[in-house]
Amino acid sequence: SAPDYHVHGPRYKEMIQHDLFRMGTILGPMLLRYGHMGAYREWLSKNMAVYEETAQASSKDYSIDINEVYWTVWDYVVPLLIQIGAEADGASLQRATGLDSWDDGQG
């Protein structure tokens with residue numbers, strides 16, 4: 001089964017300072033090569049649960065999970081989801097991380 005945030009997340013952070021499962025590095029081959037949507041849905045469900053549990057969208061505190069959020073929203077996962085026609089999932093991830101809009105305080 002897929003890694004569990006409460007079990008594996010702290011261990012990954014301790015060993016390599018980031019959680020590769022949450023960063024979605026496995027999604028490219030999983031989706032583009034094998035079309036494994038079931039595993040992708042599990043990944044999405046687990047990540048959405050983490051962002052909800054940590055209140056990422058409302059806290060806007062990216063200091064602990066900057067690598068995971070960056071890779072998920074900007075660098076890898078959302079662009080991949082656009083490629084496979086899953087824009088709605090990408091938008092959901094952006095909302096869950098609080099990066100669906102930008103407020104620079106300039107009005």
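Mentor: Let us begin with Ala-55, which is located in the loop between α4 and α5. Helices are DSSP runs of H or I with at least four residues, strands are E runs of at least two, and both are numbered from the N terminus. The model is a predicted one, in which local features need pLDDT of at least 70 and side-chain atom pairs count only at pLDDT 80 or more, while totals for chains, interfaces and linings use all residues. Residues are numbered from 1 along each chain as its sequence is written, and side-chain values use heavy atoms, with hydrogens and water left out.

Trainee: What is the phi of Ala-55?

Mentor: Most residues other than glycine have a negative phi. Ala-55, although not a glycine, has a positive phi of about 55 degrees. Lys-60 also has a positive phi, near 55 degrees, and is a residue other than glycine; its place is in the loop between α5 and α6. Gly-98, which follows α8, has a positive phi near 80 degrees.

Trainee: Is Ala-55 buried, partly exposed or exposed?

Mentor: A residue is buried under 20% relative accessible area, exposed over 50%, and partly exposed in between, using a 1.4 Å probe and protein chains only. Ala-55 is partly exposed at 32%, and Lys-60 is partly exposed at 42%. Of the 107 residues of the protein chain, 36% count as buried.

Trainee: How many helices and strands does the secondary structure of the protein chain have?

Mentor: There are eight helices and zero strands.

Trainee: How many salt bridges does the structure hold?

Mentor: A salt bridge is a side-chain nitrogen of Lys or Arg within 4 Å of a carboxyl oxygen of Asp or Glu. The structure holds two of them. In one, the side chains of Asp-65 and Arg-22 meet at 3.5 Å, N to O. Asp-65 lies in the loop between α5 (56-59) and α6 (66-75), and Arg-22 in helix α2 (residues 20-23), so this pair ties together parts that are 43 residues apart in sequence. Both Asp-65 and Arg-22 are buried.

Trainee: What is the distance, N to O, in the salt bridge of Asp-89 and Arg-41?

Mentor: The side chains of Asp-89 and Arg-41 meet at 2.7 Å. Asp-89 belongs to helix α8 (residues 87-97) and Arg-41 to helix α4 (residues 37-53), so parts 48 residues apart in sequence are tied together. Asp-89 is buried, with a relative accessible area of 14%, whereas Arg-41 is partly exposed at 41%.

Trainee: Which residues of α8 are buried?

Mentor: They are Asp-89, Gly-90, Leu-93, Gln-94, Ala-96 and Thr-97. An α-helix has 3.6 residues a turn, so residues three or four places apart point the same way. Seen down the axis of α8, the buried residues fall within an arc of 165 degrees, so they line one face of the helix; the arc is that of the directions from the helix axis to the C-beta atoms. The elements covering these buried residues include α4, α5, α6 and α7.

Trainee: Which residues of α6 are buried?

Mentor: In α6 the buried residues are Glu-68, Val-69, Thr-72 and Val-73. Their arc, seen down the axis of α6, is 95 degrees, so they too line one face of the helix.

Trainee: Which residues in the largest nonpolar core touch the most other members?

Mentor: A nonpolar core is a set of buried Ala, Val, Leu, Ile, Met, Phe, Trp, Tyr and Cys residues joined through side-chain atoms within 4.5 Å. The largest one here has 18 residues, of which Leu-27, Tyr-40, Trp-43, Val-69, Val-77, Leu-81 and Leu-93 touch the most other members. At least two residues of this core come from each of α3 (27-33), α4, α6, α7 (77-83) and α8. The most comes from α4, with four residues.

Trainee: With which residues is Val-77 in contact, leaving aside its neighbours within four places in sequence?

Mentor: Contact means heavy atoms within 4.5 Å. With those neighbours set aside, Val-77 is in contact with Met-23, Gly-24, Leu-27, Trp-43, Trp-71, Thr-72 and Leu-93.
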